[in-house]
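Hello,

Here is the structure you asked for. My notes on what was found in it follow below.

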Amino acid sequence: MKLIPYIMYAGNAEDALNFYKDILGGEIKGIQRYGETPMPSADNYKDKIMHSTFEFDDNVIMVSDSMPGNETTKGSNVHLSLDVKDTAKMDEVFNKLADGGKVSMPLQDTFWGARFGMLTDKFGINWMFNCELNK
């Protein structure tokens, strides 16, 4: 498993990405916008970032604008994202972290070719799980 911080923004993720790139160097590794996905999105949200990865030195940060209707509060907008190689291990860790917490998105196969889920553990820490599925 690999732990990756995932930061949610209230509509200004692209500004933040460019700010961090200017300061830290590195590279923005692709931007997927809400309007490029099969998910319905309002016209004023189609250009917002659904997902992006920023790499600098040996570090990775994932970034997105939070989905419409989901408020982003500074200080609680960071998620810990686990990149998992094995779905059985993913299920085990997800279920244990969910015990006493709240699942916001059950583990499921997604349109981007991964098994994905989200939860907040009993200590209030936000977790994301991603496992690339073999094509």
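Helix 2 (residues 87-98) lies across strand 5 (78-83), strand 6, strand 7 and strand 8 (126-132) of this predicted model, running at about 15° to strand 7. Helix 1 (residues 13-24) lies across strand 1 (2-9), strand 2, strand 3 (49-56) and strand 4 (59-65), at about 5° to strand 3. Contact here means heavy atoms within 4.5 Å. Axes are lines fitted to C-alpha atoms, for helices over the stretch in contact, with angles from 0 to 180 degrees between N-to-C directions. Helices (H or I, at least four residues) and strands (E, at least two) are DSSP runs, numbered from the N terminus.

As for sources, residues are numbered from 1 along each chain as its sequence is written. The model is predicted, so local features need pLDDT of at least 70 and side-chain atom pairs count only at pLDDT 80 or more, while totals for chains, interfaces and linings use all residues; side-chain values use heavy atoms, with hydrogens and water left out.

Eight strands form an open sheet in the order 2-3-4-1-5-8-7-6, with mixed pairing. Strand 2 (27-33) and strand 6 (102-109) are at the edges with a single partner strand each, so one side of each has no neighbour in the sheet. On average, neighbouring strands of this sheet are turned by 20° against each other, direction ignored. Two strands pair if DSSP finds at least two bridges between them.

Strand 1 runs antiparallel to strand 5, joined by six bridges; I7 has V78 in strand 5 as its bridge partner. With strand 4, strand 1 pairs in the parallel sense over four bridges, and there the bridge partner of Y9 is D65.

Strand 6 and strand 7 (residues 114-120) are antiparallel over five bridges. D109 stands opposite R115, and Q108 stands opposite F116. Their hairpin has four residues between the strands, and G113 takes a positive phi near 85°.

The largest pocket

The largest pocket holds about 1000 Å³ of space. Its lining has 39 residues, with Y6, M8, F116, M118 and M128 nearest the centre. By type, the lining divides into 16 nonpolar, 16 polar and seven charged residues (Ala, Val, Leu, Ile, Met, Phe, Trp, Tyr, Cys and Pro count as nonpolar, Asp, Glu, Lys and Arg as charged, the others, Gly among them, as polar). A pocket is an open set of points on a 1 Å grid over the protein atoms alone, where a 1.4 Å probe fits, with protein on both sides within 12 Å along at least five of seven lines; lining residues have an atom within 4 Å of a point. Points are joined across faces, edges and corners, and the volume is the space filled by probe spheres set on them.
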